[in-house]
Amino acid sequence: MRWLRRHQTAILLVTLVVVTWGALWLVYDYRSPVSQFLRGVGTVQLEGWSAYDLNTQCVRLEATNEAPVTTEQNAAVVAQKAHPDAYIRQVLLVSYRDTCKGGDAKIAWAVAFSWPIDSYAPLPTGAPPRAIVLVDANTGKIIANHAERQPAPTPS
């Protein structure tokens, strides 16, 4: 009977270790669906960019109630200068925080870009080029600019 109790204790300990390891994986591993969901809670959806995509660029966008100094149109003009061949897909007023450097959140205009299909060769992955430009909503200056698979500029 004593041997059976020790055996049950060992099984219980092994089960606790496995369950703990599995729970840690679900919460902390970036590939886990639970982790991806938790990282996306509270973030703003931007057309063409998932919360995971923005996280890999050290960008966290959240909703804001603050009033901007600059207008959406001014932010679009400033952002368009960074990618003149692209077209604007969406402009949102957000609270921006750099997750790699830390620091305080800033109110910003997030401008999502895409390129016309005829301006780049089809990619083997099928993913079109895209970019996001963050314009400070108070100063009107570019805070961050992230582009992926950007096509070569067209010759003039």
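Biologist: To how many disulfides does the count come in this chain?

Modeller: The count comes to one disulfide. Please bear in mind that this is a predicted model.

Biologist: What makes the link between Cys58 and Cys100 a disulfide?

Modeller: The S to S distance from Cys58 to Cys100 is 1.6 Å. The rule asks for a pair of cysteine sulfur atoms within 2.5 Å, so the pair counts as a disulfide. With -50° about the S-S bond, the link of Cys58 and Cys100 is left-handed.

Biologist: Why can one say that Cys58 and Cys100 tie together parts that are apart in sequence?

Modeller: Cys58 lies in the loop between helix H3 (51–56) and S1, whereas Cys100 lies in the loop between S2 and S3, so the pair joins parts that are 42 residues apart in sequence.

Biologist: How do you know whether Cys58 is buried or exposed?

Modeller: The relative accessible area of Cys58 is 17%. Buried means under 20%, so Cys58 is buried.

Biologist: And is Cys100 buried or exposed?

Modeller: Cys100 has 55% relative accessibility. The cut-off for exposed is over 50%, so Cys100 counts as exposed. In the chain, buried residues make up 31% of the 156 residues.

Biologist: Which residues touch the most other members of the largest nonpolar core?

Modeller: That core has 14 residues, and those touching the most other members are Leu46, Leu61, Tyr96, Ala110, Ile132 and Leu134. Two or more residues each come from strand S1 (59–62), strand S2 (87–98), strand S3 (106–114) and strand S4 (130–136). S3 gives the largest share, three residues. Another core, of 13 residues, lies apart from it and includes Ala86, Ala131, Val135 and Ala137.

Biologist: With which residues is Leu46 in contact, leaving aside its neighbours within four places in sequence?

Modeller: Leu46 is in contact with Leu61, Gln90, Leu92, Ala110, Ala112 and Ile132. Contact means heavy atoms within 4.5 Å.

Biologist: How many residues of each class has the lining of the second largest pocket?

Modeller: The lining has four nonpolar, three polar and five charged residues. Among the lining residues are Cys58, Tyr96, Arg97, Asp98, Gly102 and His146. Arg97 and Asp98 belong to the lining, and Asp and Arg count as charged, so these two are charged members of the lining. S2 and strand S5 (142–148) each supply at least two lining residues. About 170 Å³ of space lies in this pocket.

Biologist: What pattern does the chain follow along the sequence?

Modeller: The pattern is α-α-α-β-α-β-β-β-β, with four helices and five strands in the chain.

Technical notes. Residues numbered from 1 in each chain as written. Predicted model: local features only at pLDDT ≥ 70, side-chain atom pairs only at ≥ 80, totals over all residues. Heavy atoms only, no water. Core = buried A, V, L, I, M, F, W, Y, C linked by side-chain atoms within 4.5 Å. Buried < 20%, exposed > 50% of the residue type's maximum accessible area, 1.4 Å probe, protein only. 1 Å grid on protein atoms, 1.4 Å probe; cavity = no way out; pocket = protein on both sides within 12 Å on 5 of 7 lines; lining within 4 Å. Points joined across faces, edges and corners; volume = space filled by probe spheres on them.
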